[in-house]
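Dear colleague,

I am handing over the structure we spoke about, and my notes on two parts of it follow below. Please read them with the coordinates open.

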Amino acid sequence: MGIQKDKVRFNVGGRIFETTATTLANAGRNSIFGAMFDENWTLQANNSEEYFIDRNPDCFAILLDLLRTGELYIPVNVPEKLIYREALFYGLLDHVRSAKWGPFDGNRLRPSRSIAGRAPGDGTAIRAGPDGGCCVAHGSMVHVYDWMLDEHAPITLDYQRVNDVGWIDSHSILISVCERLGRGDGGMGLFSSSTGELRYKFQVNHENQVKSFTAGALSFSSDYKIFSSCKGRSNEYGIGVWDQVTGKQIDFFYEPLGWSLGDADKLQWLHGSNCLLVASLFPRKDNCYISLLDFREKKMVWSWSDIGAPMTVDEKRVRDAIAMEENSSICVVNEYDDLGFMDLRSTAGSVRWSSRSRLMKGKMPEEPCYPKLALHEGQLFSSMNDCISVFCGPDWVLTSRLRRSYGGSICDFSIGGDRLFALHSEENVFDIWETPPPPII
């Protein structure tokens, strides 16, 4: 880059700062300083001797030092939230976050904070947002937290139980809820993440009639489609598809005879194969059903069920499932934290169980939280009671455990960007895990 070494002078809130174009270029194009350079990273001419910025000078000094050294030092007399606010103004929030917390790595995660819930129990789902925040489903309410983990106005659904939540973007949250009989209410709604205002209600149409329905698990595709398991009162059982932009229903995959799609616990869109993983799991259903749906050909291209499978004394019931396209496999987990794998290239696949991670040895807590799975940047995560296991490598070797005892068992967890959020069941508290930056040599 053709960066000049010219001095640059700023007057920030009445205090004078001098730096160089090289230091300012470290802020990048997306910062307020990026506009001071041309396409060749040459400092553009300024008619005055200095740039005036009407902002907090103490915070400017901290952020300027960050650009010079790559290190973040916040004096005790400067509130951290004030630094975040000023970093957001200058477009340096990513620099602040990366200086305080490094790139996500499951083997180096450290607890950074815990946030207590409003009431004990009933926490059902937590979802990481695209900007570092999260939302927590708690009974009939959804609590929303921004990237600074400040709580926004909660979303209240008139005492209808929340089944799943998902982020459309940093400003919009999709919520699926149970049908309320006699009210013709339920289904899915799109809400503002900051105000809790209902923006749009998604409907199911069957034979040109609008139907009330219970919406369950949610998933999203890269081409702006919304998928949800649907359960109505007549024939509308299966997976509904809506256009994320228009909100209109564009497809419906009806439940085949003897199968279970409308009660699905988990949906996962597979970008490589353009298929949808649908998993209906024990104990919601007496048997487990896992399938891949191809909406283009309206067919089930892969399926597995434990119907008729011999059960051992341990009853290796599948509690969660996740597809791993790079390995052409599906990973499942049972209540003992045993991992199992099925080959997607085989239409009659069976589960190949691995008991190397067993912890419970047949003993379960009185009110267990069943394991959940997540895949992030080549690492596999599995929750079990009050800890989360991290598996790495082609053989998925157990490499780390994340544990915080406060709040009871982990009922759900979610990974987004550079954070892992873990929701505990008993106290409805959730933990935030982040990766410390590498040591400066």
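At what angle do helix H2 and helix H3 pack, and how far apart are their axes? Bearing in mind that this is a predicted model, helix H2 (residues 57–69) and helix H3 (residues 80–90) pack at an angle of about 70°, and their axes lie 10 Å apart. Because angles of 65 to 115 degrees count as roughly perpendicular, H2 is roughly perpendicular to H3. On the H2 side the contact is made by Cys59, Phe60, Ile62 and Leu63, while H3 contributes Leu82, Ile83, Glu86, Ala87 and Tyr90.

Six of the six residues of E29 (residues 387–392) are buried, so the strand is largely enclosed by the rest of the structure. Both of its faces are covered, with Cys387, Ser389 and Phe391 buried on one side and Ile388, Val390 and Cys392 buried on the other.

Strand E28 (residues 379–384) pairs with E29 in the antiparallel sense over five bridges, and in this pairing Ser383 stands opposite Ile388 of E29. The hairpin of E28 and E29 has two residues between the strands, and Asn385 takes a positive phi near 55° there.

E29 also runs antiparallel to strand E30 (residues 397–403), to which six bridges join it, and Ile388 stands opposite Leu402 in E30. E29 and E30 form a hairpin with four residues between them, in whose turn Gly393 has a positive phi of about 85°.

With best wishes

Key
Residues numbered from 1 in each chain as written. Predicted model: local features only at pLDDT ≥ 70, side-chain atom pairs only at ≥ 80, totals over all residues. Heavy atoms only, no water. Axes fitted to C-alpha atoms, helices over the stretch in contact; angles between N-to-C directions. Parallel < 35°, antiparallel > 145°, perpendicular 65-115°, else oblique. Contact = heavy atoms within 4.5 Å. Buried < 20%, exposed > 50% of the residue type's maximum accessible area, 1.4 Å probe, protein only. Pairing = 2+ DSSP bridges.
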